[in-house]
Each structure stands twice: as C-alpha cells, then as structure tokens.
Amino acid sequence: MLRHLTALYVEDDPMQRTVTSEWLLSFFNNVRMAENSEDGLRLFAEGPVHLVITDLKMPGMNGLELAAAIRRQDRTVPILMLSAYTETADLLAAARLHLVDYLLKPLSWERLKAALECAALGLLAEGRVFVQLDADTTYCVADGCLHRLEQRIPLTLRERALLDLLAAHRGQWLSKQRLLDRLYGATDTGSEASLKNVILRLRHKIGTDAIVNRYGVGYRLGDQQGTLVARPPTAM
C-alpha cells in the first residue's frame, strides 16, 4: 500500500540520511528528503505528502517544532519522530502532537518496518488511502486517480493536493488562503483566479456539487462526499 504514496524524510546527519533513505525506498517509490526542518516544511507544502519521518534534534527548527507546523496544516498525516534521546518533555510533546511513533536511534530495520506498518493501518482507518466520493466514484490517494466504474481518471498534482486537503478535513470549511498555501506554497504565486480554476477542473471530474463554497468562509466537500473506505475500489 505504501509503494505509491509519498514520504517526507527530514534528517540533518548525512550518513543517517543515506542509510535510512535506502530503507525507506524499499517501501516508497517517492521519498522527499530534506536536511533541515525549514526545507522539510517547504517540501511538505509543495504537494501531497502521506507520511513524515523526522529527526528530533536539528539546528534551527527542531523536529517537534516541524511536527507542530505540519499539524497546523494537516491534523492527521502520520508523523514518525527519530531521536537518540528519551527526555520526558520531548515524549510528552510528541504525545500532544499525536505522532504515530517515537523511534530511538540507532534505528533498526525491524523497528522502522513495524512503525510503517502501524502508519499504514492508520492511513486506512483515516480514509487517507481510499475516499468514497459517491456510489460510483472512489478517490485513490495511492495513485492520485479517480476510479469510476471501469474508468481511471487521472488528477493533476494541484487537483490531488486540493482533494487531499478537503478529504482530510471532511465537514470543515477551509479558507481560500489555506487552500492557496497548500496548493502554491510560500515560494509560488497563486491567486484567487488560479485557485478557482483548479476547483472548476476538479468539480468537472468529481461532480459540480462535490465541492461547495460559502462566501466569506471558504470551501469544503459536499455533504455526500468523503465517506471513508478502507479497501480499494473494484475498478482497481
């Protein structure tokens, strides 16, 4: 299940980053790597990231601060924290951020594998792998496509990022600025017109009533969209 998802790995130690990234590539086709939290946060904002693995002790923004910044954008994405220390304050802070696991260094293959299996089960339970949009249409996060009966309908990177965000916050209104920040990040230039264009294209693919908006409030999935499912659509 993890093979087609995207992992973000943040580690300042070059040797540790090399070893662990090789392990991660045994599970994920796509692993984005960052040397510090600032770069990690930028990579997270650039597009769909389905799981985050970060070191705790890093220069500048540490791993807990990075996790807190990510939580402000996404409340449920699985986060694994790596550390050579077991300080009580850090463990309590990690618990408050609802991390999947707190892994001690030196990291072992078996421990990482077990943590990733736990994260995979969480992704299924949260509906972050398969989201039922209507009776005939399922969004598969793993391949970034809609599956409607026997059709497979691809989405662009920004259409995926938008649907990922809306699905992760089912029933909640998300402001235009929140959507712009996720779709374009701090280094890109997005406008309300460009956002509306992405929403228009996505509505054309998933239905005009699938994304609703309220003037001055924002956007969310329609009442009938976003049912959680933990198994692949039959079209797959």
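His-98, which follows helix H4, has a positive phi, near 55°. Helices here are DSSP runs of H or I with at least four residues, strands are runs of E with at least two, and both are numbered from the N terminus. This is a predicted model, where local features need pLDDT of at least 70 and side-chain atom pairs count only at pLDDT 80 or more, while totals for chains, interfaces and linings use all residues. Residues are numbered from 1 along each chain as its sequence is written, and side-chain values use heavy atoms, with hydrogens and water left out.

H4 itself covers residues 88-96, with Asp-90, Ala-93 and Ala-94 buried. Buried is under 20% relative accessible area, exposed is over 50%, and partly exposed is in between, with a 1.4 Å probe and protein chains only. Down the axis of H4 the buried residues fall within an arc of 100°, so they line one face of the helix; the arc is taken from the directions from the helix axis to the C-beta atoms. They pack against helix H3 (63-73) and strand E5 (101-104), contact being heavy atoms within 4.5 Å. Thr-88, Ala-89, Ala-95 and Arg-96 are exposed on the other side of H4.

Now the arginine. Arg-32 sits in strand E2, residues 30-34. What does its side chain reach at 3.0 Å? The backbone oxygen of Leu-43. Beyond its neighbours within four places in sequence, Arg-32 has contacts including Thr-6, Tyr-9 and Pro-48.

Finally, the chain has eight helices and 12 strands, and 50% of its 236 residues count as buried.

Key: A polar contact is a pair of N or O atoms within 3.5 Å; within protein, one must be able to donate a hydrogen and the other to accept it, and residues adjacent in sequence count only if both atoms are side-chain atoms.
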